[in-house]
Amino acid sequence: ATPMDADRFAEVVPGATARYVDFVAAAPDGFVVTDAAGKVLAANPAFLDMLNCRSENLPDNFFTLLDSGDEDVQAITSAFQAISRGRQPFPPQKVRLKGPGVRPVWGGIILSPIRNNKKTVQFVVAMVENITTEHQSALELAEMRRRLLESGEAERLRLAQELHDGPMQDL
């Protein structure tokens, strides 16, 4: 894949306005442009930074970046295929991405088609927001809730035992 500076994006996506090209190249979220089959054509610097990867190390196929369980990969693959066949964009999907030799990154992905003059999908743009921190926080919160429920149950049992063995025995 090639780094997505303004000139490269304009080359990959004919007809893109200069304002749109500048926006994508400088966006804080990751953008990846693929053909309708998923071949990576260009990625903006934010996406490359997110995966801690240089453009020459980025895989040619978008789907090789997916590092989630089969269910998540299947959802993204199905959404991608539907969009490349002309369906409207899907709601954001949560998926784990893995670049070459780096730790996985959780991303919220929105896939959008870019159509040619004949209204067929020529490119798919994936906008990727790094949600690793939010994902990790949600996991930690769930673990804390589980521990709280466990400790509450243990305290209930302790109090029941204390009441049973103490004042209730005296009666």
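Begin by selecting Phe47, Leu51, Leu58, Phe62, Leu97, Ile109 and Leu111, which are the residues with the most contacts inside the largest nonpolar core of this predicted model, a core that has 25 residues. To see where this core draws its members from, colour strand S3 (40-43), helix H3 (45-50), helix H4 (70-84), strand S4 (93-97), strand S5 (105-115) and strand S6 (121-130), the elements that each give two or more residues to it. Apart from this core lies another, of eight residues, and selecting Val24, Ala27, Val33 and Leu41 will show some of its members.

Next, centre the view on Ile109 and display its surroundings: leaving aside residues up to four places away in sequence, Ile109 touches Phe62, Ile76, Pro91, Pro92, Gln93, Val95 and Leu97, and also Ala126, Met127 and Val128.

Then move to Thr77, which lies in helix H4. Thr77 counts as buried because its relative accessibility is 18%, under the 20% cut-off. With residues up to four places away in sequence again left out, Thr77 touches Phe63 and Leu66.

Finally, zoom out to the whole chain in a cartoon view, where the secondary structure comes to six helices and six strands, and follow the elements from the N terminus in the order β-α-α-β-β-α-α-β-β-β-α-α. Of the 171 residues, 35% count as buried, and among contacts with a separation of 6 or more, 49% are between residues 24 or more positions apart.

Methods:
Residues numbered from 1 in each chain as written. Predicted model: local features only at pLDDT ≥ 70, side-chain atom pairs only at ≥ 80, totals over all residues. Heavy atoms only, no water. Core = buried A, V, L, I, M, F, W, Y, C linked by side-chain atoms within 4.5 Å. Buried < 20%, exposed > 50% of the residue type's maximum accessible area, 1.4 Å probe, protein only. Helix = DSSP H or I, 4+ residues; strand = E, 2+ residues; numbered from the N terminus. Contact = heavy atoms within 4.5 Å.
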